[in-house]
Amino acid sequence: MPALATSALNYLHETLGVSTSGHGPWASLESLPYFLRDAFDFGQLDILGHTVLLALERNPDQPSIGDIRNRLDKLRSLTGQPVVYVTEALASYERKRLITQKVPFIVPGNQLYLPDLGLDLREYFRQRPNSADVPLSPSAQAMLITALLRPRWEAEWHPAETAATLAYTPMTLSRAVRELVAAGLAQAHKAGRSQYLSMMHPPRETWEQAQPLLRSPVQRTIWTTAPTRTELPVRVAGLSALARFSMLTEPKSPVFAVNRSAWQALKADIVELPQAEPGACEWQLWNYTPTLQPDSDMVDPLSLMLSLRGSTDERVQSALDELKEQLPW
């Protein structure tokens, strides 16, 4: 069960006394188009006698309120069920727009708005993001990693240049800068019309301090029988990449990473498998680009470490220790 689902269930139990025993996976996931499956995790729950579909946001930094509304409308039309949007945090203007448009939502620990049930419970409001306790968004995480892996380390860096290489919009850049400053990882200052960030600590210490705020870039894993298409931004990832950095044996199934836009182009020519099988390829769908180091055919070492840090295999953890010793700082 995703951590966000657990938080939502606990919050509903604490505020409404809703039993969590009625919660379960939603059985009709495969009937949805890919863009909805990529955007949300799903669960089904009985709330005060009403069966609702929980749409758990996977990337709360990415969608606009208009996108959220459109996706939820599509879910309602396809499923015929009430749909409740669940996310980690919302800015005040986002909450107001959702309430104005009567979009049901839950922010665990902060607010739930369920107009069909006549419920609007507000506790304290948390901006997104505004403290060192909130995980970094995928865009902020990608910018931090890119800055840490610069060929020549300097505490000061120009975030607009980093954002340009990642094709981020000015709005995404501004949000990422606010997150890095709020997390205590950098200080912002201006020189003329340009904004700069200065790391608060040396790179290794910054990396260690950021660990609680960083998440695996892997959104989901897909199995196919198709080879890679070299014209797309695909990178060797997972155990395949770790084997190149260490004494770990290459996995039987090669592992590659793509972002969502590349996957949309890739999947038109391949057949997705229900599970791994001999000769299959493993594809990791990342929530930011796996090409943070454009001169390499592999994912960057920091993102690789994040994608595998939850492994319980001692051999993998030993190989990650080897990789850590090869970092440039």
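Student: Which hand does the crossing of α9 and α12 have?
Tutor: The crossing of α9 and α12 is left-handed, meaning that the near helix is turned anticlockwise from the far one by less than a right angle (clockwise would be right-handed). Helices here are DSSP runs of H or I with at least four residues, strands are runs of E with at least two, and both are numbered from the N terminus. This is a predicted model, where local features need pLDDT of at least 70 and side-chain atom pairs count only at pLDDT 80 or more, while totals for chains, interfaces and linings use all residues. Residues are numbered from 1 along each chain as its sequence is written, and side-chain values use heavy atoms, with hydrogens and water left out.
Student: At what angle do α9 and α12 pack?
Tutor: About 55°, with the axes of α9 and α12 9 Å apart. Axes are lines fitted to C-alpha atoms, for helices over the stretch in contact, and angles run from 0 to 180 degrees between N-to-C directions. The angle of about 55° makes α9 oblique to α12. Under 35 degrees counts as roughly parallel, over 145 as roughly antiparallel, 65 to 115 as roughly perpendicular and the rest as oblique.
Student: Which residues meet there, α9 against α12?
Tutor: From α9, Leu 239, Leu 242 and Phe 245 meet Val 316, Ala 319, Leu 320, Glu 322 and Leu 323 of α12; contact means heavy atoms within 4.5 Å. By class, this contact of α9 with α12 has seven nonpolar, no polar and one charged residues. Ala, Val, Leu, Ile, Met, Phe, Trp, Tyr, Cys and Pro count as nonpolar, Asp, Glu, Lys and Arg as charged, and the others, Gly among them, as polar.
Student: And how do α9 and α11 pack?
Tutor: Helix α9 (residues 238–245) and α11 pack at about 125°, with axes 10 Å apart. That makes α9 oblique to α11, and their crossing is left-handed. In α9, Gly 238, Leu 239, Ala 241, Leu 242 and Phe 245 meet Pro 301, Leu 304 and Leu 308 in α11. That contact has seven nonpolar, one polar and no charged residues.
Student: What about α11 with α12, what's the angle there?
Tutor: About 160° between α11 (residues 301–308) and α12 (residues 314–325), whose axes are 11 Å apart. That makes α11 roughly antiparallel to α12. The crossing of α11 and α12 is left-handed.
Student: Switching topic: which elements supply at least two residues each to the lining of the second largest pocket?
Tutor: Those are α5 (138–148), β7 (156–157) and α6 (159–165), and α6 gives the most, with three residues. By class, the lining has eight nonpolar, seven polar and five charged residues.
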